[in-house]
Amino acid sequence: MTITVPFDPVSRGLRNNRRQRTLWGIALCTLFLLAVIFSTWVIGDGGLGPVLSQRNQPPSVAHPFGTDWLGRDMFSRSLHGLSLSLRIGLLAAAISALIGTGLGLAAGTLGGWVDAVITWIIDVFFSLPHLVLLILIAFAVGGGTRGVIIAVALTHWTSLARVIRAEVLQVNSADYVKISHRFGRSPLWIARHHMVPHIIPQLIVGLILLFPHAILHEAALSFIGIGLSPHIPAIGIILAESMRHLSTGYWWLGVMPGLLLLLSVKSFDWLGENMRALLDPKTSQG
């Protein structure tokens with residue numbers, strides 16, 4: 001007997017509209033972030049030099065973010081600083097994602113004492129104050145750009161490692177993996193052929209969702225003086241400098257760069273959520 005499933009054009013149209021909105025969200029967030037990252041190549045170094053005759057001007061058409069106490073254009077400085085912070089955050093998040101993926105894959109595939117040790121390390125990292133650990137690692141390796149990258153990379157892999165480990169343990173119980181074990185395949189072969197293709201969607205989403213945390217913590221380290229050199233226009237340094245002038249009424253020095261940072265972080269967050277909705281079978285087909 002043949003069972004026919006009735007065609008429902010309404011539900012199919014809703015799925016298509018939801019998928020289109022998800023794709024549009026991914027495209028818009030990606031374009032905005034790429035525009036910020038590569039904006040410095042377009043605008044060059046214009047506006048970074050002091051112009052004393054244009055000091056402390058509020059936002060206007062000529063200077064959308066106003067000017068600072070030296071007459072420098074805050075829009076140009078903010079784009080340069082945020083572009084640098086994004087590139088550093090992307091590099092640190094990518095390294096952290098590789099660490100989390102490797103440890104999660106090893107814990108789920110090898111099991112036994114390897115799984116126990118990696119799980120214990122993850123629990124130790126979760127039990128420590130995150131910002132304090134960031135500061136200690138950055139200070140221990142000498143601060144600066146290298147210190148920020150190392151500190152962020154070594155402290156942001158734990159959540160992704162847990163997700164990867166859970167996915168690998170789920171795949172490990174599948175019949176085709178058990179058959180591979182019985183055929184004498186090595187754990188490395190099983191991880192390469194069975195585990196890695198399965199965890200790629202989780203890796204992509206986890207990597208994207210790591211970016212906003214890495215960017216914010218890079219800005220925080222630069223804000224308190226442990227991160228990048230104060231001579232570099234990073235977004236954290238710009239915000240730290242603006243604190244001395246907010247009490248004099250120059251609100252745009254901190255508000256405008258802060259809003260640009262917040263919008264960039266939220267764009268990464270929206271990009272990650274849309275990617276999760278697109279790659280997750282439960283939501284992509286719902």
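Contact here means that heavy atoms lie within 4.5 Å. By that criterion, leucine 271 touches Ile26, Cys29, Thr30, Leu33 and Ile208, leaving aside residues up to four places away in sequence. The model is predicted, with a mean pLDDT of 80 for the protein and 91% of its residues at 70 or more.

**Confidence**
- Helix H4 (residues 112-127) has the highest confidence, at a mean of 89.
- Confidence is lowest in helix H12 (residues 281-284), where the mean is 51.

**Nonpolar cores**
- The largest nonpolar core has 60 residues, and Leu86, Met195, Ile215, Leu261 and Leu271 touch the most other members.
- Two or more residues of this core come from each of helix H1 (9-37), helix H3 (74-110), H5, H6, helix H7 (158-172), H9, helix H10 (235-246) and helix H11 (252-279).
- H9 gives the largest share of this core, 13 residues.
- A second, separate core consists of 6 residues, among them Ala107, Val114, Ile122 and Trp157.

**Helix H5**
- Helix H5 (residues 130-140) has Leu133, Leu134, Ile137 and Ala138 as its buried residues.
- These residues lie on the same side of H5 because they cover an arc of only 125 degrees around the axis.
- Among the elements covering the buried residues of H5 are H4, helix H6 (144-155) and helix H9 (187-223).
- Exposed residues Leu136, Phe139 and Ala140 sit on the face of H5 turned away from its buried side.

How values were computed
Residues are numbered from 1 along each chain as its sequence is written. This is a predicted model: local features need pLDDT of at least 70, side-chain atom pairs count only at pLDDT 80 or more; totals for chains, interfaces and linings use all residues. Side-chain values use heavy atoms; hydrogens and water are left out. pLDDT is the predictor's confidence in each residue, from 0 to 100. Helices (H or I, at least four residues) and strands (E, at least two) are DSSP runs, numbered from the N terminus. Buried means under 20% relative accessible area, exposed over 50%, partly exposed in between (1.4 Å probe, protein chains only). The arc is that of the directions from the helix axis to the C-beta atoms. A nonpolar core is a set of buried Ala, Val, Leu, Ile, Met, Phe, Trp, Tyr and Cys residues joined through side-chain atoms within 4.5 Å.
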